[in-house]
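Colleague: Before I rely on any of the labels attached to this model, I would like to go through them with you and hear what each one rests on.

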Amino acid sequence: KQWYQRRVAITAGEIIKNYCNDSVLVIIDAKPKDLGLPTDAYIAVEEVHDDGTPTTRTFDHVKSEIGAEEAEEVGVEHLLRDIKDTTVGTLSQHLTTQVVALKSLQSKLHDISVYLTQVSDGKLPVNHPIIYQLQDVFNLLPNLNVPDLMKAFTVKTNDQNLVMYTASIIRAVIALHSLINNKTTNRAAEKEGTKKVEVEKEDKDEKEKDTKEKEDSNKKEVKS
């Protein structure tokens with residue numbers, strides 16, 4: 001099924017190439033389950049085989065990003081100018097970034113594992129440039145069996161986490177302080193409003209009393 005879909009996509013790409021030389025195949029995940037961009041972009045390239053067989057067309061993955069026109073960015077900034085999400089802080093942004101990076105790393109490692117498994121089973125031919133790149137990646141991995149290196153990693157991580165947690169605690173205390181001040185201000189305003197209503201009611205009662213006394217005195221004068 002995957003081979004059939006791949007051949008259909010390559011054939012469609014060759015047809016589109018008659019009208020656009022720099023055509024790009026973009027696969028969009030309408031219901032993404034992972035964080036990150038829900039898009040994958042590919043371009044059709046000629047694959048040269050080491051055994052001398054004729055070249056074949058295949059897809060090569062290219063990096064992609066989602067951007068916007070300057071007018072769109074200005075419009076979005078204008079809409080979000082007065083919106084403040086108090087739940088988003090430095091710590092949450094840092095953790096979200098780490099989660100996205102780890103999920104992306106897991107996906108890439110899974111693809112590498114599947115590729116190497118298929119090569120070892122003989123389902124795919126050996127692609128020497130890919131093997132060379134994987135060997136470079138393995139050579140660049142740090143040796144975590146060295147105690148001094150492990151201790152340095154641990155100390156550095158603890159120092160960074162301490163700064164983030166301290167900043168998060170300070171931010172939470174400041175938010176609670178602002179909440180208490182807001183409640184105090186609202187209570188004071190409610191008390192002032194209640195006193196104002198009571199004073200207005202007393203003034204109204206006094207005016208009604210004075211009016212009634214004047215009416216009674218006028219009635220007595222008329223009778224006399």
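Colleague: Which residue of β2 does Val 26 stand opposite?

Modeller: Please keep in mind throughout that this is a predicted model. Val 26 stands opposite Ala 41 in β2, and Ala 41 in turn has Val 62 as its bridge partner in β3.

Colleague: How do you know that β1 and β2 count as paired?

Modeller: Two strands pair if there are at least two bridges between them. β1 and β2 have four bridges, in the antiparallel sense, and so they meet the requirement of at least two. Strand β2, residues 39–47, is also joined to β3 by seven bridges, and these two strands run antiparallel.

Colleague: What makes β1 and β3 the edges of the sheet?

Modeller: The sheet is open, with three strands in the order β1-β2-β3 and antiparallel pairing. β1 (25–28) and β3 (56–62) each have a single partner strand, so one side of each is left without a neighbour in the sheet. Neighbouring strands of this sheet are turned against each other by 35° on average, when direction is ignored.

Colleague: Why is Thr 39 called buried?

Modeller: Thr 39, which lies in strand β2, has a relative accessibility of 15%; buried means under 20%, so the residue falls within that class. Leaving aside neighbours within four places in sequence, Thr 39 is in contact with Val 26, Ile 27, Ile 28, Ser 64 and Ile 66. Across the protein chain of 224 residues, buried residues make up 5%.

Colleague: Why is Val 24 called partly exposed?

Modeller: Val 24, in the loop between α1 (2–17) and β1, has a relative accessible area of 46%. Buried requires a value under 20% and exposed one over 50%, so with 46% Val 24 belongs to the class in between.

Colleague: Which residues form a nonpolar patch on the surface with Val 24?

Modeller: Val 24 forms the patch with Val 26 and Ile 28, and together they have about 280 Å² of accessible area. For the protein chain, the accessible surface comes to about 20100 Å², of which 58% belongs to carbon and sulfur atoms.

Terms used: Residues numbered from 1 in each chain as written. Predicted model: local features only at pLDDT ≥ 70, side-chain atom pairs only at ≥ 80, totals over all residues. Heavy atoms only, no water. Axes fitted to C-alpha atoms, helices over the stretch in contact; angles between N-to-C directions. Buried < 20%, exposed > 50% of the residue type's maximum accessible area, 1.4 Å probe, protein only. Areas by Shrake-Rupley, 256 points an atom, 1.4 Å probe, with all protein chains shown as cover. Patch = residues over 30% accessible without salt bridge, like charges linked within 9 Å, V, L, I, M, F, W, Y side chains within 5 Å. Salt bridge = Lys/Arg side-chain N within 4 Å of Asp/Glu carboxyl O. Contact = heavy atoms within 4.5 Å.
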